[in-house]
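Here is a short briefing to read alongside the sequence and the 3D view. Please have both open as you go.

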Amino acid sequence: MSDKELAPISVEVVTIDDLDSIKVIANTNTSKENNAGIGERANAFLGLASNVIDLVEGKQLYKVEVPEGYSLKDLVASKKDPEAVRALVRDPKGCLSGDVSLKAAGVGPAQIASVGLAAAAMVVGQAYMTEISDSLQRIDAKLESIASMIAGDQRAKVKNALDIARTYAALHDDYLQKPAEARQAARNEIEGRYNDVGQVIDWITEQLAGIEGKARDAAEREKDLEPLLKEIQSYEAQFGMCLQALSALAMTRMYYDGSMDDRSALIEEQRILDKSQGFLKKRQVLAALMEMKIGGMKGAPIALPRGTQGNALKRLVSQTPRAAAKEQILEAKVEMRASLRSGESKLRSEAEDRKGEIERIAAASRTARTLLTDGTDCWLIDDQED
């Protein structure tokens, strides 16, 4: 299709009154304190768009919308024509197959410069990158403390996969300028590392079977059960971190595929859910066994009361050694059971958080044709009626 046959990019002036009907899906300001992230609305985060009004005071607001069949995420700034952008064209399978030139309509050349179509070309990618980067940063915050728990060969797979995710997420815009074969090779590398992390999760899940065998053979004593409980907690921490890595890699692969739609998001959510369910089912069996063992625990017949701060005789006036022994075994049972039960709650919350990450990516994709801009800052928007 020639340039003349293409529907133009629409650029319309937006008045302050128009903001009442606009939902802000993502704020991609370079200023961190003004970055709303994905999923915020004008009437929720921005206080009836008052913050937008404050931020753009003295500037003109524009609504930029690409033609049906194209997406903001498929726009690349044109090096040949400052008044145009290139729209990447995809085949029915979603693979890049070329590009066409699009030009803005409705404003003159001077205004086009102020609207900043180069910003329009990057806005969706910035929203995606915010989510991917935040996910990777959350992993980094606990990587060293948890990675040391993972067996050497499995740890190497996870660290290498995270390095790949960071590298290719940062280089995405560069790869848009490269031949399709280079982009596909990068995408395949991300997929390979995704599969590696999936294998590590499978390995962690299999370790629970070994703990189950130990638990069946363990005596019903605190000194025998406490090490098993710590081992379970270690694998829970490893699993949670690997699930985060799996989500970050999934989002990075979706980014390279250009498949951030609801259907693709549901597929990724289901894959992560399946991995979660495998671990959770094995852990439930193990937790039930541990609960039974903990319930059968017996302590010493007598013990000195605790909490005497160095004066063991002081509390003997109000509590006998036999009563102190019963109290101590009860406290141990309550603490160990609480640890088991809170562990499951954290794991389920972890899986929901990963699902939420991918849902926010899909939310940005749903409004990938329209943005609001003052020529510097951009907001992904939805101006359709509910």
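Predicted model: local features only at pLDDT ≥ 70, side-chain atom pairs only at ≥ 80, totals over all residues.

Residues are numbered from 1 along each chain as its sequence is written, and side-chain values use heavy atoms, with hydrogens and water left out.

**Aromatic pairs**

- The structure holds five aromatic pairs; rings of Phe, Tyr and Trp (its six-membered ring) pair if their centres lie within 6.5 Å, and planes under 30 degrees apart count as stacked, over 60 as edge-to-face and the rest as tilted.
- One of the pairs joins tyrosine 168 and tyrosine 175 edge-to-face, at 5.6 Å centre to centre with 65° between the planes.
- Both tyrosine 168 and tyrosine 175 are buried (buried means under 20% relative accessible area, exposed over 50%, partly exposed in between, with a 1.4 Å probe and protein chains only).
- Tryptophan 203 and tyrosine 235 also pair edge-to-face, with 6.4 Å centre to centre and 70° between the planes.
- This pair links distant parts of the chain, 32 residues apart: tryptophan 203 is in helix H6 (residues 180-217) and tyrosine 235 in helix H7 (residues 222-257). Helices (H or I, at least four residues) are DSSP runs, numbered from the N terminus.
- Tryptophan 203 is partly exposed, at 21% relative accessible area, whereas tyrosine 235 is buried, at 12%.
- Tyr168, Tyr175 and Tyr256 make up one aromatic cluster.

**Charges over rings**

- Lysine 178 lies over the face of tyrosine 175, 4.1 Å from the ring centre; the criterion is NZ of Lys or CZ of Arg within 6 Å of the ring centre and within 35 degrees of the ring normal.
- Arginine 253 lies over the face of tyrosine 194, at 4.3 Å from the ring centre.

**Threonine 205**

- Threonine 205 lies in helix H6 and is buried, with a relative accessible area of 10%.
- Leaving aside neighbours within four places in sequence, threonine 205 is in contact (heavy atoms within 4.5 Å) with Gly278, Phe279 and Lys282.

**Nonpolar cores**

- Val197, Leu225 and Met290 touch the most other members of the largest nonpolar core, which has 64 residues. Such a core is a set of buried Ala, Val, Leu, Ile, Met, Phe, Trp, Tyr and Cys residues joined through side-chain atoms within 4.5 Å.
- The largest share of this core, 18 residues, comes from H7.

Definitions and conventions: Helix = DSSP H or I, 4+ residues; strand = E, 2+ residues; numbered from the N terminus.
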